[in-house]
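Please look over the model shown here.

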Amino acid sequence: MRSYAWGSRTALAQLCGREVPSAHPEAELWFGAHPADPALVCANGSSRSLLEVIDAATDRELGAVAAVFDGRLPFLVKILAAEEPLSLQAHPSADQARHGFERENAARVPLDSPMRNYRDNNHKPELVVALDRFEALAGFRAPPRTVELLEALAVPELDRYAKLLAAQPDSDGLRTLFTTWITLPQAILETLLPKVLEGGIRYLANPGSAGGTQDFSAEVRTVLELAEGYPGDAGVLAALLLNRITLEPGQGLFLAAGSLHAYLRGIGVEIMANSDNVLRGGLTPKHVDVPELLRVLDFEPLREPIVEAEPAGPDSYNYRTPAPEFALRRFELGAGAPAVPIPRTGPGIMLVTAGTVRLSQGTEDLTLAAGGAAWISASDTDIHARAVDGAAQLFCACVGE
């Protein structure tokens, strides 16, 4: 369990059937073999970290995956619960991560230093699937729509920025505008931001009054909420440039390297390449490195951010992404329904997010309640799952094809 200020005192506790509220905000449950927080594998009355299990018998545990990913489990699974917004952030590409990690090692920045950007040499594409309604800012919005939003706010101080983007409505225009805003001197920011917030309040009182054809209420409300939590932060302006996303339960959001984003609130299953590299640009008390963030950002507009679940069999759904490190399937197991086979590529992690599930292999059974997970090695075959005492939900994380 990882406790961060943006976490929830209720979401993970309720999911796992523990007392509510929890003593501290609970943000993330990690299931994987990342050195920063490897999962414990309990078997035969003892427990070892998943890292130790894999290192002790790499070929058996990972199978053919070992040769492809240098003997490492290539993905990390989490349950994430956000009560408040996470930082404005992006993740590096594989080359950027490798060079950044080597650079900080050469500079002898300790791995646990709060000033560290690169904690490993891996990239971090990621997919989050909503368990409840999930709100996020994700990727740059198409420039013409952003121009319309800026004009709808009817703030004279924004006119020059709207004209700048309208004159260059592409990734280069977004790069110029974002770089201008994220590096504004604090004195200018403290003059501009109150004007923007006043415009937002006026807009919410009468949406569309400036003649716009779209309702930007959700975007404007988010900017006002961020400004309340992070007054004087340039990330509040940056939020005006990003897609405002609402995921309904079962919908996913995929973020490739360089996608600027900030999760706002909600609970979801998150799967990613096995990395903990984060470049932050604001909306956080943690380390912010704007020059490094600008180095990794992809300014191409993200036009189709939502990943819809694809039916993959009776009561099972796949989430298609381009990431070779991971694949994710969701099972909705009906009460009293027969056991279903669990197809996968190589090793896997089974994670229960609702109800109780019984996993079976031959004559062996393992029962997991919500919040519980099982490690399935590459040598384990013929795994089946069924719900126990009512309907259940199960996620299967494995290596991509």
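This is a predicted model: local features need pLDDT of at least 70, side-chain atom pairs count only at pLDDT 80 or more; totals for chains, interfaces and linings use all residues.

Residues are numbered from 1 along each chain as its sequence is written, and side-chain values use heavy atoms, with hydrogens and water left out.

**Fold and dimensions**
- The protein has twelve helices and 20 strands (DSSP runs: H or I of at least four residues, E of at least two).
- Its radius of gyration is 22 Å, close to the 21 Å from the globule rule for 401 residues, so the protein is as compact as a globular protein of that length (C-alpha atoms; 2.2 Å times the number of residues to the power 0.38).
- Along the principal axes, the C-alpha atoms fill a box of roughly 70 × 50 × 40 Å.

**Burial and contacts**
- Of the 401 residues, 53% count as buried (under 20% relative accessible area, 1.4 Å probe, protein chains only).
- Among contacts between residues at least 6 apart in sequence, 73% join residues at least 24 apart (contact: heavy atoms within 4.5 Å).

**Thr284**
- Thr284 sits in the loop between strand E11 (279–282) and helix H12 (290–296).
- Thr284 counts as buried because its relative accessibility is 15%.
- The Thr284 side chain reaches the backbone nitrogen of Lys286 at 2.9 Å.
- Neighbours within four places in sequence aside, Thr284 is in contact with Ser87, Tyr230 and Asp233.

Terms used:
Buried means under 20% relative accessible area, exposed over 50%, partly exposed in between (1.4 Å probe, protein chains only). A polar contact is a pair of N or O atoms within 3.5 Å; within protein, one must be able to donate a hydrogen and the other to accept it, and residues adjacent in sequence count only if both atoms are side-chain atoms.
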